[in-house]
Amino acid sequence: MASAKANADALAAAIEARFTNVARNPKFSAARMRIARYAFAPSKLGNDTALWTGLRTTRAGADRDLEIQAGLNGAQYVFTARPGVPMPVKIGDSRHLIELEQLGESDWAWRTRVDQAVGLMPPGRADDIFRALFLSSERPAAAVRADYRAALPRTTAALGRLLTIDSIATVPQADGSTLVTLQITVSGDRLKRGFPAFAKYISKYVEPARYRYRLTDRSGSDWFDAEARDRLLTLRFRSHDGQLQPILGAARRMPDTLQIHVDALAKISFFTVGVTKMQGEFVHMRGARERGWAMRFTKDPEWHLPLIAERLLRSPLRRPFEGKGVLFTLGLRTGPEGQTLLTRQFDVTVRESAIMRFLGNLGFTAMSDYAGKVEEEESRFLSESMAAFRADIAAMTAK
């Protein structure tokens, strides 16, 4: 129990540090906004030598990379762009790598990776954390609600400014499993007092968004379902002894490889844009020194675009899903000096075109609204929430 609490505190401390008074050196500050502006029009970035920290000549042109070292420096978490950044070994420190490779006249491959040191918890213990969370839901709803409020009062209050658990339904099944439905309201209303800019952003972009993520096996059985609509996030799953089961049907061991189905629609400016029926492979990574998930999307989704984009050539929208497709990974792995690294990776290939530039402009609108005061307030909100969680852990240890 003591080691579990220490591991949880280290993870929370790393996240708290990451969002503490964030500062960026001038090179990274400028590069960050230019990449956001031209992510779907990379030719604007390729020859900007001031942007990158490394450049290698290739047959198609050149590989460019931007390395960033980040960590607490006094009371600030500072991001510094520089070459040769080592893997982090101090809790909270991180290494960021952004690579851009030209594959042809109009095709460009983006590869990004982030590694953050989060303590000494072996990656394999992540399975125990999720098992404990699912196991805790296999009780009457009133007990679940009472327990998290009693165990995490400060965390509940801090996160409650954005997220409120409206209802918990736990329905015992004949085979001993429990069907769980959790409904959470996501609203900026309670943020207005201390985080007015962040509250406005949540109301403008997050509350109107509609999305759904489903995990299914090859037979089509659902194993997890998360859907957001009209400010309400609904989670559905079935658990037995802390192990996920198919939501309907006979109990069985969850396979390591599932299918993920994504619908995601957002309102940006005057337009509603997004995808539906995006399907990919969802793999549980269970290596000896690694735990996590890898999602790869190789099937064209259905695009939902404004009328103004209907007359633009749509074939470039298929390019990201060709070949190796779009890859996103999230997990824990053992790093140098025994430090565990929280890692994420995102790889995508884009074909520069009019329709991709149009989508890039929409995305930059949201990024422009976010940069500055909104991001400042969001960081403070997350830092305060992690500090509250650490205080709750310390209170448990003192009992």
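Visitor: What is the relative accessible area of arginine 231?
Guide: 33%, so arginine 231 is partly exposed. Buried means under 20% relative accessible area, exposed means over 50%, and partly exposed is in between, with a 1.4 Å probe and protein chains only.

Visitor: What am I looking at, and how are residues numbered?
Guide: This is a predicted model, in which local features need pLDDT of at least 70, side-chain atom pairs count only at pLDDT 80 or more, and totals for chains, interfaces and linings use all residues. Residues are numbered from 1 along each chain as its sequence is written, and side-chain values use heavy atoms, with hydrogens and water left out.

Visitor: Back to arginine 231. What is its phi?
Guide: Near 70 degrees, a positive value in a residue other than glycine. Arginine 231 sits in the loop between strand 10 and strand 11 (232–240). Strands (E, at least two residues) and helices (H or I, at least four) are DSSP runs, numbered from the N terminus.

Visitor: And serine 269, where is that?
Guide: In the loop between strand 13 (257–268) and strand 14 (271–285). Serine 269 is not a glycine either, yet has a positive phi of about 60 degrees. Its relative accessible area is 37%, so serine 269 is partly exposed.

Visitor: New topic. How many cavities of 30 Å³ or more does the structure hold?
Guide: One. The largest cavity has about 60 Å³ of space. On a 1 Å grid over the protein atoms alone, a cavity is a set of points where a 1.4 Å probe fits but cannot get out; a pocket is an open set with protein on both sides within 12 Å along at least five of seven lines; lining residues have an atom within 4 Å of a point. Points are joined across faces, edges and corners, and a volume is the space filled by probe spheres set on them.

Visitor: Which residues line the largest cavity?
Guide: Val186, Val206, Glu207, Ala209, Tyr211, Ala228, Arg229, Arg231 and Leu232. So arginine 231 turns up again, as part of this lining. By class there are six nonpolar, no polar and three charged residues. Nonpolar covers Ala, Val, Leu, Ile, Met, Phe, Trp, Tyr, Cys and Pro; charged covers Asp, Glu, Lys and Arg; the others, Gly among them, count as polar.

Visitor: Where is arginine 229?
Guide: In strand 10 (residues 222–229). Arginine 229 is partly exposed, at 44% relative accessible area.

Visitor: What volume has the second largest pocket?
Guide: About 320 Å³. It is lined by 15 residues, and the closest to its centre are Asn21, Val22, Glu375, Glu376 and Ser379.

Visitor: Which element gives the most to the lining of the second largest pocket?
Guide: Helix 9, with eight residues. Helix 9 (373–398) and strand 1 (22–24) each supply at least two. The classes here are two nonpolar, five polar and eight charged.

Visitor: How many salt bridges does the structure hold?
Guide: There are 35 salt bridges. Each is a side-chain nitrogen of Lys or Arg within 4 Å of a carboxyl oxygen of Asp or Glu.

Visitor: What does arginine 319 form a salt bridge with?
Guide: Aspartate 107, with the closest N and O atoms 2.9 Å apart. The pair links distant parts of the chain, 212 residues apart: arginine 319 is in the loop between strand 16 (302–304) and strand 17 (326–334), aspartate 107 in strand 6 (residues 107–117).

Visitor: Is arginine 319 buried or exposed?
Guide: Buried, with a relative accessible area of 14%. Aspartate 107 is buried too, at 11%.

Visitor: Which residues are linked in a network of salt bridges?
Guide: Asp127, Arg253, Asp256, Arg286 and Arg291. Arginine 286 pairs with aspartate 127, closest N and O atoms 3.8 Å apart. Those two are 159 residues apart, with arginine 286 in the loop between strand 14 and strand 15 (290–297) and aspartate 127 in helix 4.

Visitor: What is the distance between the closest N and O atoms of arginine 286 and aspartate 256?
Guide: 2.8 Å. Arginine 286 is partly exposed at 39%, and aspartate 256 is partly exposed at 29%.
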